[in-house]
Amino acid sequence: MLEHILNWLFPDRCAGCHRLTGNLFCAACRERLQPFPPFPPPPGLDGAWVAFRYEGELIRAIHQLKYGRRRRIAYALGDLLATAVGPLSADALIAVPLHRDRFRERGFNQAAEIASRLRRPGGPPLLDGLVRVRATNRQARLAASSRAANVAGAFVWVKRTPPPCRIILVDDVLTTGATLAACATALRSAGAQSVSAVALARSLIGDSVVQ
């Protein structure tokens, strides 16, 4: 109720078009979203699925979420992803983790906030336990050939119990898949058998995506 009252007094600006619509991502911007076509999973993943092309209003919304620190945008984008992906078949969902330094800088993990909207009654739970133990350079600043080396060994499963057998990783933007593959390597080393991924967006020119 408090949220509805505050939204009535101070309506949200759409993160896509910046209009005072009362929604974090308005209906007009949602209608302009283009679905991302099917593609072979990147090396290291058993499957991968992306909801939308990384362009236009969606770029602006993701940038405001990550670099403008408008955390609530993650809820609107997570709902878009949940609607697009439908029911998920896995034992658990795991958001791609941030290093603790990046987490302190940003104040939240955008992938975890988006992933929280994918939980459904009777569906796979959202688990933690995968940790980014090494700070890495921003993937967007590196050539595709350097990205795998940048994130190699950066992730570790830290729980005493092994991860579930079938895991779906959740991220905001997929580029070459190097980060997701590094996560998958850590999970398989700890006992997972199948690791796939879903992401909100990807550029059709994959190496140009800002992540």
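Modeller: E6 (residues 166-173) and E7 pair in the parallel sense over 7 bridges. Two strands pair if DSSP finds at least two bridges between them. Strands (E, at least two residues) and helices (H or I, at least four) are DSSP runs, numbered from the N terminus.

The model is predicted: local features need pLDDT of at least 70, side-chain atom pairs count only at pLDDT 80 or more, and totals for chains, interfaces and linings use all residues. Residues are numbered from 1 along each chain as its sequence is written, and side-chain values use heavy atoms, without hydrogens and water.

Biologist: What holds strands of a sheet together, and which strand joins E7 through 6 bridges?

Modeller: Strands of a sheet pair through backbone hydrogen bonds, either parallel or antiparallel. Here, strand E1 (residues 47-53) runs parallel to E7, with 6 bridges. Valine 50 has alanine 199 as its bridge partner in E7. Alanine 48 stands opposite alanine 197 in E7.

Biologist: In what order do the 5 strands of the open sheet lie?

Modeller: The order is E1-E7-E6-E2-E3, with parallel pairing. E1 and E3 (126-127) are the edge strands, and each pairs on one side only.

Biologist: Is strand E7 largely enclosed or open?

Modeller: Buried means under 20% relative accessible area, exposed over 50%, partly exposed in between (1.4 Å probe, protein chains only). In strand E7 (residues 194-202), 8 of the 9 residues are buried, so the rest of the structure largely encloses this strand.

Biologist: And why does valine 131 count as partly exposed?

Modeller: Because its relative accessibility is 32%. Valine 131 lies in strand E4 (residues 130-132).
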